[in-house]
Amino acid sequence: MTAIETAAPREVVRPARRATLLIDADVHPIAGDGGVGDRLAEPYRSRFKTFGVRNPGQSTYPRTRNNGNRLDSRPDGSPGSSQRMTRSQLLDEYDEDIAILIHLPGRTYSGTDPEYSRALCAVTNDMLAEEWLDVDPRYRATIVVPFEHPEYAVEEIERWAGDPRFVQVLISGSAEAGMGDRKYWPIYRAAAEAGLPLGAHLGGYDYNRAGSGWPSFFLEEHVGLHYEMPSMALSMIAAGVFEEIPTLNVVAIETCFSWSVSLQWTMDQSYKLMRQELPALSRKPSEYFREHFWFTTQPFEEPDDPNELIQAIEMMGMTEHIMFASDYPHFDFDSPDRALPLEISGVMRENILGENARRLYRLDALTR
Amino acid sequence: MSGEIIRGAIDCDVHVEPASLEKLHGYFSPYWHDFFRGARMSLSSARMYPPNAPSSARPEARASGSFPPHTLAELQSQLLDVYRPEAAILNCVVSFVAGKNPYYQDAVCHAVNEWIRDEWLDHDDRLRASIVVPTLDPEAAAVEIDRLAQDKRFVQVLLPVATETPWGNVRWRAIHEAAARNGLPIALHAWGAIGTAATATGYTRSYFEDYVLNSQHSAPEQVLSLVTEGVFDRHPELMVSLVECGFSWIPSLMWQFDKDWKSLWREVPWLKMRPSEYIRKHFRATTTPTHIPADVPAVQVAQVGSMLNAAEFLMYSSDYPHDHGPDSLEALLDSVGDAGREAILRGNATSFYALGERASAGAAG
């Protein structure tokens with residue numbers, strides 16, 4: 001769906017209760033004004049107020065509307081800062097069973113020094129638990145970790161591993177090294193041992209833009225960021241991450257999914273010629289990809305002929321790894337009622353709208 | 001391991017390379033001769049195509065002991081006289097590795113272009129060539145394009161697909177304008193200048209990753225840039241070929257790009273059509289590598305061909321002497337009918353490179 005342009009209030013009419021599960025795998029809360037800073041202890045509290053958080057990727061593109069958010073999603077503070085508004089505009093309006101929260105600024109906290117980064121992530125997770133998870137049982141959350149400081153990232157994963165409301169670990173589509181680098185493996189091990197997938201949300205840790213260079217416009221940036229995911233998958237697969245940590249799952253969030261057809265084919269065709277270089281692998285690259293990677297749907301791709309999208313899904317061979325997401329409250333929000341074309345029907349539709357996420361995030365007890 | 005080379009086609013990607021930098025010395029000014037005397041400088045595509053990697057040479061090319069072909073006689077005996085292409089477009093990519101000193105890069109490009117003319121184009125009427133240009137100095141690139149465009153056997157401007165700034169950026173306008181005013185397409189060819197890492201996280205740990213990312217990262221980013229920045233609105237006749245970059249990624253890019261444009265069109269009001277329409281109108285891709293493995297079901301190969309409108313979008317290439325493994329090109333050609341096959345093997349390249357108009361113009365040979 002395209003941007004919601006009008007802020008006119010309208011009466012919320014609850015739809016008839018659906019027979020099938022609806023899990024929204026990408027919802028963005030944000031700490032209200034000073035929210036994270038006020039939770040920090042000294043000396044970080046003063047540092048936050050004085051210098052903020054310095055990290056990569058802070059230059060921005062001029063944006064034409066509402067800085068990337070729905071015009072109707074602005075409470076007194078920033079869009080996403082009101083739990084009540086999120087509940088009313090999303091959970092109640094669409095009768096969502098579960099919304100998985102992703103606090104985006106947390107992707108980049110690790111650009112600062114280890115101690116400050118650790119403190120920022122810890123208070124962000126505290127905030128999510130107290131201000132969201134404790135308030136409505138339909139929320140689940142993504143653990144924010146200091147990714148570039150693995151020992152503290154592991155510590156933070158372990159701190160929340162016993163709380164079933166935290167269902168994945170947030171990473172960015174890029175980092176200071178390739179995502180397969182062994183520096184990060186302790187994080188991957190800790191996540192896998194806790195049964196938590198890595199949620200790789202596009203953008204954020206904009207450390208570098210090699211391979212093509214920096215775009216000039218947000219449009220090319222925003223689509224271009226989808227192509228971080230092939231780099232991430234390649235790096236992890238080539239390094240043997242999934243041989244070493246066979247229970248690890250990775251979710252590519254907000255980056256579409258049809259690109260993975262060509263990625264799988266290109267990897268497999270090339271692997272035949274280059275396997276000498278990849279001694280860690282015992283299977284074709286696409287087999288690791290199909291087993292370990294997952295996708296969220298928003299922005300839902302819309303070829304003129306929706307059947308082409310279904311063909312692409314069949315080529316991917318990953319029907320059971322695609323999970324609906326709305327990306328509330330951002331400008332390109334996908335409505336749970338309207339984003340999926342009618343051609344996606346039956347079991348495939350039920351899987352995408354809820355069942356796939358239920359399996360990945362181990363929401364077994366959930367029923368309609 | 002290799003895909004079949006098709007006989008009698010127009011071959012849009014054939015690699016040649018001087019046996020050594022020494023072969024080009026005569027094209028350099030005295031300033032550079034001092035470097036050549038004093039240092040062991042070399043020039044080759046070995047970093048992009050490690051000589052012992054199976055992907056760098058087809059078995060018959062490897063057996064010849066000289067690849068990519070260093071002389072016309074080698075190319076004739078290995079390719080031209082065996083597969084008898086109607087025409088072959090020569091690409092010499094060694095200048096991609098001269099990516100640090102802009103003056104050296106300019107001198108290398110000038111030398112390569114003159115070597116191509118003297119040693120190849122002048123001696124076989126079937127040959128056409130790409131112009132290589134100094135990518136660190138767009139003004140110098142424009143001068144080189146204007147100079148060589150007078151010779152109609154040079155049919156396009158060759159640029160590396162991996163860059164430090166994407167090709168639609170304002171700083172490249174001199175190159176866009178020079179190509180457009182001379183009626184030459186721009187070719188984006190796999191790989192990039194030394195110093196250009198393949199990914200958003202910088203350098204990779206393997207050749208496999210770099211190789212795959214030509215098509216899975218760099219090429220889509222370049223298409224996004226050229227369309228978004230309005231290059232085709234300023235130059236409505238400009239065409240771009242994607243060479244050795246695969247093509248199975250293109251339908252997905254069109255869907256993703258159109259979807260985002262629906263929300264963000266205000267940022268780029270100069271776009272008069274959906275992004276996918278610009279891609280269909282202004283881009284073409286060469287066939288090798290397909291990046292559709294041989295074991296993909298024929299019905300899926302046909303579906304990709306249909307999504308892409310392959311009969312209009314693709315131009316045949318052997319990518320000789322490189323070897324990308326068994327692929328599904330034959331199944332794809334089977335799926336587009338006789339007219340589609342003819343278009344992919346010959347017709348599309350004939351019109352893309354205006355080979356009919358240019359045929360008599362150059363051939364001094």
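Let's start with confidence: chain B of this predicted model averages a pLDDT of 93, and 95% of its residues score at least 70. That score is the predictor's confidence in each residue, from 0 to 100. One stretch to watch is residues 359-365 of chain B, where the pLDDT is below 50. Beyond near neighbours in sequence, this stretch has eleven contacts in the model, a contact being two residues whose C-beta atoms, placed from the backbone, lie within 7 Å. Where pLDDT is low, the predicted coordinates should not be read in detail. For the model, the scores are ipTM 0.95 and pTM 0.94.

A quick word on conventions. Residues are numbered from 1 along each chain as its sequence is written, while chains are lettered from A and ligands numbered from 1 in the order in which they are written. Local features need pLDDT of at least 70, side-chain atom pairs count only at pLDDT 80 or more, and totals for chains, interfaces and linings use all residues.

Now, where do the two chains meet? Chain B brings 65 residues to the contact and chain A brings 61 residues. On the chain B side, helix 7 (207-228), helix 9 (250-264) and helix 11 (298-308) each supply at least two residues. Helix 7 of chain B gives the most, with 16 residues. Helices here are DSSP runs of H or I with at least four residues, strands are runs of E with at least two, and both are numbered from the N terminus.

Let's move over to chain A and its strand 3, residues 139-144. Is this strand buried or exposed? Six of its six residues are buried, so strand 3 of chain A is largely enclosed by the rest of the structure. Buried means that 20 or more other C-beta atoms lie within 10 Å of a residue's own, exposed means 12 or fewer, and partly exposed is in between, with C-beta atoms placed from the backbone. Y139(A), A141(A) and I143(A) point one way from the strand, and R140(A), T142(A) and V144(A) point the other way.
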